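Please read this briefing alongside the sequence and the structure. The points after the lead sentences are grouped by topic.

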Amino acid sequence: MLKLNERTPRLIEQICSVWEKSVRATHKFLSYGEIDEISKYVPEAVKNVPSLIVAEKDGIITAFMGINKNKLEMLFISPCEIGKGLGKKLLLYGINNYSVNELCVNEQNPNAIAFYNKMGFSVYKRSGTDEQGMPYPILYMRLKQHHI
(Lines give C-alpha, C1' and ligand atoms only; values in the text may rest on other atoms or scores of the structure.)
Protein backbone atom coordinates (compact mmCIF):
# COMPACT_ATOMS: atom_id res chain seq x y z
CA MET A 1 0.00 0.00 0.00
CA LEU A 2 1.22 3.45 -0.84
CA LYS A 3 -0.27 6.67 0.51
CA LEU A 4 -0.11 9.45 -2.03
CA ASN A 5 0.34 13.05 -1.02
CA GLU A 6 1.26 14.48 -4.41
CA ARG A 7 -1.43 13.94 -7.02
CA THR A 8 0.04 14.62 -10.42
CA PRO A 9 -2.10 14.77 -13.57
CA ARG A 10 -0.55 11.47 -14.71
CA LEU A 11 -1.41 9.78 -11.41
CA ILE A 12 -4.98 11.08 -11.52
CA GLU A 13 -5.27 9.78 -15.08
CA GLN A 14 -4.09 6.31 -14.01
CA ILE A 15 -6.49 6.24 -11.06
CA CYS A 16 -9.40 7.38 -13.23
CA SER A 17 -8.58 4.58 -15.68
CA VAL A 18 -8.80 2.03 -12.84
CA TRP A 19 -12.08 3.63 -11.73
CA GLU A 20 -13.61 3.43 -15.20
CA LYS A 21 -12.58 -0.18 -15.85
CA SER A 22 -13.80 -1.22 -12.41
CA VAL A 23 -17.15 0.54 -12.75
CA ARG A 24 -17.77 -0.85 -16.24
CA ALA A 25 -17.09 -4.36 -14.88
CA THR A 26 -19.09 -4.10 -11.65
CA HIS A 27 -21.82 -1.46 -12.00
CA LYS A 28 -24.04 -3.26 -14.51
CA PHE A 29 -26.99 -1.03 -13.58
CA LEU A 30 -25.28 1.97 -15.22
CA SER A 31 -25.30 2.60 -18.97
CA TYR A 32 -22.10 3.55 -20.76
CA GLY A 33 -23.45 7.08 -21.13
CA GLU A 34 -24.16 7.30 -17.41
CA ILE A 35 -20.64 6.09 -16.61
CA ASP A 36 -19.21 8.67 -19.01
CA GLU A 37 -21.23 11.38 -17.26
CA ILE A 38 -20.18 10.29 -13.76
CA SER A 39 -16.54 10.02 -14.86
CA LYS A 40 -16.42 13.82 -15.24
CA TYR A 41 -16.53 14.12 -11.43
CA VAL A 42 -13.95 11.47 -10.61
CA PRO A 43 -10.72 13.48 -11.12
CA GLU A 44 -11.89 16.18 -8.72
CA ALA A 45 -13.01 13.58 -6.14
CA VAL A 46 -9.61 11.87 -6.36
CA LYS A 47 -7.77 15.20 -6.02
CA ASN A 48 -9.79 16.25 -3.00
CA VAL A 49 -10.13 13.08 -0.92
CA PRO A 50 -7.94 13.63 2.18
CA SER A 51 -6.22 10.21 2.13
CA LEU A 52 -5.54 8.39 -1.12
CA ILE A 53 -4.00 4.93 -1.00
CA VAL A 54 -3.05 2.88 -4.05
CA ALA A 55 -1.91 -0.66 -4.70
CA GLU A 56 0.50 -1.31 -7.52
CA LYS A 57 1.63 -4.35 -9.44
CA ASP A 58 4.75 -4.07 -11.59
CA GLY A 59 4.60 -0.27 -11.26
CA ILE A 60 1.00 -0.07 -12.49
CA ILE A 61 -1.85 1.05 -10.24
CA THR A 62 -4.26 -1.86 -9.84
CA ALA A 63 -6.51 -0.53 -7.07
CA PHE A 64 -7.11 2.53 -4.94
CA MET A 65 -9.14 3.77 -2.05
CA GLY A 66 -9.96 7.21 -0.74
CA ILE A 67 -10.64 7.93 2.92
CA ASN A 68 -12.06 11.00 4.63
CA LYS A 69 -11.67 10.82 8.42
CA ASN A 70 -13.13 7.40 9.29
CA LYS A 71 -15.20 7.01 6.12
CA LEU A 72 -14.26 4.97 3.07
CA GLU A 73 -15.17 7.29 0.20
CA MET A 74 -14.02 5.09 -2.67
CA LEU A 75 -12.57 1.65 -3.27
CA PHE A 76 -12.03 0.46 -6.83
CA ILE A 77 -10.05 -2.47 -8.18
CA SER A 78 -8.95 -3.31 -11.71
CA PRO A 79 -11.21 -6.06 -13.07
CA CYS A 80 -8.27 -8.44 -13.55
CA GLU A 81 -7.48 -8.15 -9.82
CA ILE A 82 -11.03 -8.58 -8.46
CA GLY A 83 -11.42 -11.68 -6.31
CA LYS A 84 -7.72 -11.99 -5.47
CA GLY A 85 -7.82 -10.46 -1.99
CA LEU A 86 -6.71 -6.97 -2.91
CA GLY A 87 -9.96 -5.33 -1.80
CA LYS A 88 -9.73 -7.11 1.54
CA LYS A 89 -6.10 -6.05 1.95
CA LEU A 90 -6.92 -2.41 1.16
CA LEU A 91 -9.99 -2.29 3.39
CA LEU A 92 -8.15 -3.89 6.33
CA TYR A 93 -5.37 -1.34 5.82
CA GLY A 94 -7.98 1.42 6.00
CA ILE A 95 -9.59 -0.07 9.11
CA ASN A 96 -6.27 -0.58 10.90
CA ASN A 97 -4.49 2.63 9.85
CA TYR A 98 -7.33 5.13 9.38
CA SER A 99 -10.03 3.73 11.69
CA VAL A 100 -12.39 3.27 8.74
CA ASN A 101 -15.75 2.22 10.13
CA GLU A 102 -18.23 3.72 7.67
CA LEU A 103 -18.97 3.60 3.93
CA CYS A 104 -21.68 3.92 1.27
CA VAL A 105 -22.38 1.42 -1.49
CA ASN A 106 -24.80 1.26 -4.41
CA GLU A 107 -27.71 -1.01 -3.53
CA GLN A 108 -27.61 -2.30 -7.12
CA ASN A 109 -24.06 -3.63 -6.62
CA PRO A 110 -24.72 -6.95 -4.79
CA ASN A 111 -21.13 -8.18 -5.02
CA ALA A 112 -19.84 -5.08 -3.24
CA ILE A 113 -22.55 -5.38 -0.57
CA ALA A 114 -21.63 -9.03 -0.01
CA PHE A 115 -17.94 -8.09 0.24
CA TYR A 116 -18.58 -5.36 2.81
CA ASN A 117 -20.90 -7.65 4.79
CA LYS A 118 -18.18 -10.31 4.83
CA MET A 119 -15.73 -7.67 6.06
CA GLY A 120 -17.99 -6.91 9.02
CA PHE A 121 -20.06 -3.96 7.78
CA SER A 122 -23.82 -3.79 8.10
CA VAL A 123 -26.46 -1.45 6.69
CA TYR A 124 -27.80 1.21 9.02
CA LYS A 125 -29.54 3.52 6.52
CA ARG A 126 -30.79 3.64 2.93
CA SER A 127 -31.30 6.50 0.52
CA GLY A 128 -33.42 6.18 -2.63
CA THR A 129 -30.99 8.36 -4.60
CA ASP A 130 -27.25 8.89 -4.83
CA GLU A 131 -25.36 12.05 -3.82
CA GLN A 132 -26.20 13.68 -7.18
CA GLY A 133 -29.91 12.96 -6.75
CA MET A 134 -29.89 10.22 -9.38
CA PRO A 135 -32.18 7.19 -8.92
CA TYR A 136 -29.44 4.85 -7.67
CA PRO A 137 -30.23 3.76 -4.10
CA ILE A 138 -27.37 4.01 -1.65
CA LEU A 139 -26.82 1.84 1.40
CA TYR A 140 -24.96 3.37 4.34
CA MET A 141 -22.91 0.80 6.22
CA ARG A 142 -20.98 0.74 9.49
CA LEU A 143 -18.42 -1.66 10.82
CA LYS A 144 -19.86 -3.83 13.57
CA GLN A 145 -18.05 -3.01 16.81
CA HIS A 146 -17.27 -6.60 17.75
CA HIS A 147 -15.72 -7.32 14.36
CA ILE A 148 -12.32 -5.78 15.01
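Is Cys-80 buried or exposed? Cys-80 counts as exposed, because its relative accessibility is 53% (buried means under 20% relative accessible area, exposed over 50% and partly exposed in between, with a 1.4 Å probe and protein chains only). The model is predicted, so that local features need pLDDT of at least 70 and side-chain atom pairs count only at pLDDT 80 or more, while totals for chains, interfaces and linings use all residues. Residues are numbered from 1 along each chain as its sequence is written, and side-chain values use heavy atoms, with hydrogens and water left out.

**Cysteines**

- A search of the whole structure finds zero disulfides, a disulfide being a pair of cysteine sulfur atoms within 2.5 Å.
- Cys-80 is in no disulfide, and its nearest cysteine sulfur, which belongs to Cys-16, is 17 Å away.
- Cys-104 is likewise in no disulfide, with the sulfur of Cys-16 as the nearest cysteine sulfur at 20 Å, and Cys-104 counts as partly exposed because its relative accessibility is 23%.

**Helix H5 and its surroundings**

- Helix H5 covers residues 110-118, and its buried residues are Ala-112, Ile-113 and Tyr-116; helices (H or I, at least four residues) and strands (E, at least two) are DSSP runs, numbered from the N terminus.
- Seen down the axis of H5, these buried residues fall within an arc of 100°, so they line one face of the helix; the arc is that of the directions from the helix axis to the C-beta atoms.
- The buried residues of H5 pack against helix H4 (86-98) and against strands S4 (71-77), S5 (102-106), S6 (121-127) and S7 (138-143), where contact means heavy atoms within 4.5 Å.
- Gly-120, which follows H5, has a positive phi near 100°.

**Nonpolar cores**

- The largest nonpolar core has 24 residues, among which Leu-72, Leu-91, Val-100, Val-105, Tyr-116 and Phe-121 touch the most other members; such a core is a set of buried Ala, Val, Leu, Ile, Met, Phe, Trp, Tyr and Cys residues joined through side-chain atoms within 4.5 Å.
- Two or more residues of this core come from each of strand S2 (51-57), strand S3 (60-68), S4, H4, S5, H5 and S7, and H4 gives the most, with five residues.
- A second, separate core has 20 residues, including Leu-11, Val-23, Val-42 and Ile-61.
- Not counting residues up to four places away in sequence, Phe-121 touches a list of residues that includes Leu-91, Ile-95, Val-100, Tyr-116 and Met-141.

**Aromatic rings and charges**

- A search of the whole structure finds seven aromatic pairs, where rings of Phe, Tyr and Trp (its six-membered ring) pair if their centres lie within 6.5 Å, and planes under 30 degrees apart count as stacked, over 60 as edge-to-face and the rest as tilted.
- The rings of Tyr-116 and Phe-121 have centres 6.2 Å apart and planes at 75°, so this pair is edge-to-face, and both residues are buried.
- Trp-19, Phe-64 and Phe-76 are linked into a cluster by ring pairs.
- Lys-125 lies over the face of Tyr-140, at 4.5 Å from the ring centre, and the charged end of Arg-142 sits over the ring of Tyr-124, 3.6 Å from its centre; a charge sits over a ring if NZ of Lys or CZ of Arg is within 6 Å of the ring centre and within 35 degrees of the ring normal.

- Gly-87 is found in helix H4 and counts as buried, because its relative accessibility is 9%.
- Gly-87 touches Leu-75, Ile-77 and Phe-115, not counting residues up to four places away in sequence; Gly-87 and Ile-77 are 10 residues apart in sequence and 7.0 Å apart in space, C-alpha to C-alpha.
- Ser-78, in the loop between S4 and H4, is buried with a relative accessible area of 9%, and Ser-78 touches Val-18, Ile-61 and Thr-62, not counting residues up to four places away in sequence.
- Lys-69, in the loop between S3 and S4, has a positive phi of about 60° although it is not a glycine, and Lys-69 is exposed, with a relative accessible area of 70%.
- Ser-99, found in the loop between H4 and S5, has a positive phi near 55° and is a residue other than glycine.
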